Amino acid sequence: MKPLAQLSRQLPDPATLEELANKLKQKYTVQDTPTQTTNLNFYDSFDWRLYSKDILCFEQHNRLYLTDLIGCELTPSLPLAGKKIRFHQELPVSALQEKIKPLLEMRALLLQSSFSQTTWQLRILNKDEKTVVMITCSERYEAGQQDKQNEQQDEQPICSVRLQEVRGYEKWFQRVEQDLQEFGIPMPCTKEQELKIALAGKGRTPKDYTSKFSVMLKPEMDGLTATKAIYRDLLTTMQANEQGILDDLDSEFLHDFRVAIRRTRSGLSMLKKVMEPDITARFAQDFRHLGKITGPVRDLDVYLLMEEDYKARLPEHLQKGLRYFFDDLAAQRTEEQAKLVKALRSSEYTTIINDWEEYLKKENNTEDTEGAEKATQPTEKPPKAAKRIDKIANTIIQKRFQRVLRDGQAITPDSPDESLHRLRIQGKKLRYSLEFFSSLYPSKEMKYLIKQLKNLQNNLGLFNDLSVQQDMLNAYLDELKPNSTKSQQISAAIGGLLTNLYHEQQQVRCEFEETFRCFSSGENISLYEKII
Amino acid sequence: MAIIAIYNIKGGVGKTATSVNLSYMSAATGNNTLLCDLDPQGSSSYYFRVKSKKKFTAELFLEGGNSLERSIRGTDYEKLDILPADFSYRNLDITLNHMKKSKKRLKQIVDPLKKDYEHIFLDCPPNITLLSENIFYAADMVLIPFIPTTLSRLSFAKLLDFFKETNIKKEKLFVVFSMVESRKNIHRDTMQRFQGRKRILNTFIPYVTDIEKMGIYRQPVPAHQPNSRAGKIYANLWQEIEAELLGLQ
């Protein structure tokens, strides 16, 4: 059946809404409905995982809705009964929960924007007093703003009007559509538009955070300018995640924060000769420190996220011990998180970040080292500061690729595990260099190269994870005080896990050869040679 | 997804009130709902303040498809549409008789609408005719508003015979007591006699003025007076029917 026509117009102020209503009342029989005030709260993960899949999640009238961008429900809505939901596990088993579970994974649902909206309807009636056109007027205030209204008279609500066709009364719709044309400007009638309006009020847009690294560099940029652009982007990522770590919203704030630290550290080592040696040395040390203070919580997060996976590896009678083990980890994490918060609020941390920001902001007058590093003597101009970034990038990527190739080819089934761990580090460096400079190369080829490398990294990463996990479990066993039933249960569970993890690690090691063969294929090598 | 016919051989048993109020409840509980007013008197259409198009006739109705879809009207309520009746429907029987596959015609007309509506209600004219056979064939549930009197019992027995004759599954048949006056012995006795039988719904519709007054307000009772006794009864009745529909599927 033909879909019903509808249109929306955005109006400049409440006075225009009133003017519009008056005009309609002069011309038609209009029935008003009482006003209704509701809050409309949009939720998504910090990195917009739902919106990225064209899904909106919002709360209205104490129910949680999941819709497409137009506003059509994808699953039946859920009553919330005043409960605040953070993780998908906290929702009742339902189609809605099923749908968002694989998208959100470990990420929390956060309030992205919220507004209070007052709506009322103007129903145009025919001579039988039948509604023939439905008009919904709304005034939206950013949540919390309405209370402040008395103080700030100039705060205007966002006003809009929506016209909806009633089936079978198309001509009426067209007539009223004509009448509305002189008021305001047209806007899309979608739920997405409501989200955008709400965010625009705060100077934001959807997807304003992504964990993906992307910096646009130009080939002719000098080394220092390009490098600073890379570091600035990474610093922005760190700063964006800071609050989420302090508030402990979910594990991924810290994860993204640490990835940005690692990337910066990798940059500081790969792009050594672009910046002044003393600056490089100082911040290499500072970022090593940041890596260190953020490590313990992340390590514990990794295990805590493995809970379901570990459970699945053990028969039911061993799972009780596993629960004790995880309770213990959770307690440790609480302690470590407190230490982390303290570290991030320390003046040491603030100094590092402020100095780094200051340095990155500074004009590229490499002779002048005043400001961030007043104490040090002016140093010589670094050799690669003025060199074109595309030349620098070529050299780095080539070197990193050759290194991975050489190290990987040297690995035989008899090589010690250590050699795989070292290859993993080299792979990471290559990966970061590809990502830093990807805007300088054709994007299709670059995507392909990154994908090939990713396959290798996945294998090496899994191998490393499994070995780190075994080390940690062994260390935990050593620390365990024997003689209690609880300890026995934990030991049994960990023993079971160790066996299971060991077998998987052997399996992953067997797969290395094949994975590396793909990575070092002639096709891949010639692609590197072609574009670099 | 179900087609629910509100039917009785007898007139004046509360068919239209039942159709209007139940279709409203169906929509109000979140289902896209269509009410087809098949009664040439057009009482359902009157309650919703809707008239059929001047050009819309029984012939066009039986043609189905686009011309029928174009005659559907939105009511004043969200998710509730109505196909208004036309006076020419009094000849539906005769027109049907001249058509091929005349017993399955209505099903062919209504089935395509299932893609747009979760529930389709048919407010049927009284009498057992070719149209009734069409209705029974098309419907997933035939709901019979039934005033608990002796005469009603006779007509109910006739209807059962008719179902048997025409090989229509009697599992579709459900009875709801309508216009019940609890102070009348005959009503109480008749209801007792039926009690415990299969497909007799527990909720019954009492004879109350709120329902009578629908003609004045021209609104479904649960919309106009959701907290009145009648308003609550229709809400309960719809709940019970929804549960039965699940059982039928």
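Which side chains meet in a salt bridge at 3.1 Å, N to O? They are those of R107(A) and D250(A), a salt bridge being a side-chain nitrogen of Lys or Arg within 4 Å of a carboxyl oxygen of Asp or Glu.

This is a predicted model, in which local features need pLDDT of at least 70 and side-chain atom pairs pLDDT 80 or more, while totals for chains, interfaces and linings use all residues. Residues are numbered from 1 along each chain as written, chains are lettered from A and ligands numbered from 1 in written order, and side-chain values use heavy atoms, without hydrogens or water.

Chain A is assigned domain 1 (6-200) and domain 2 (223-531), with bounds from an automatic or database assignment. Seven residues of domain 1 and ten of domain 2 take part in their contact, meaning heavy atoms within 4.5 Å. The C-alpha centres of these two domains of chain A are 43 Å apart.

Together the two domains of chain A bury about 690 Å², 59% of it on carbon and sulfur atoms; this is the accessible area (1.4 Å probe) lost on being put together, summed over both parts. On the side of domain 1, F46(A), M106(A) and R107(A) lose the most area to domain 2, together 65% of what that side buries.

I turn now to chain B. S23(B) lies in helix α1 (residues 15-28), helices being DSSP runs of H or I with at least four residues. S23(B) is buried, at 0% relative accessible area, where buried means under 20% (1.4 Å probe, protein chains only). Beyond neighbours within four places in sequence, S23(B) contacts T33(B), L35(B), L80(B) and F121(B).

Terms used:
Helices (H or I, at least four residues) and strands (E, at least two) are DSSP runs, numbered from the N terminus. Buried means under 20% relative accessible area, exposed over 50%, partly exposed in between (1.4 Å probe, protein chains only).
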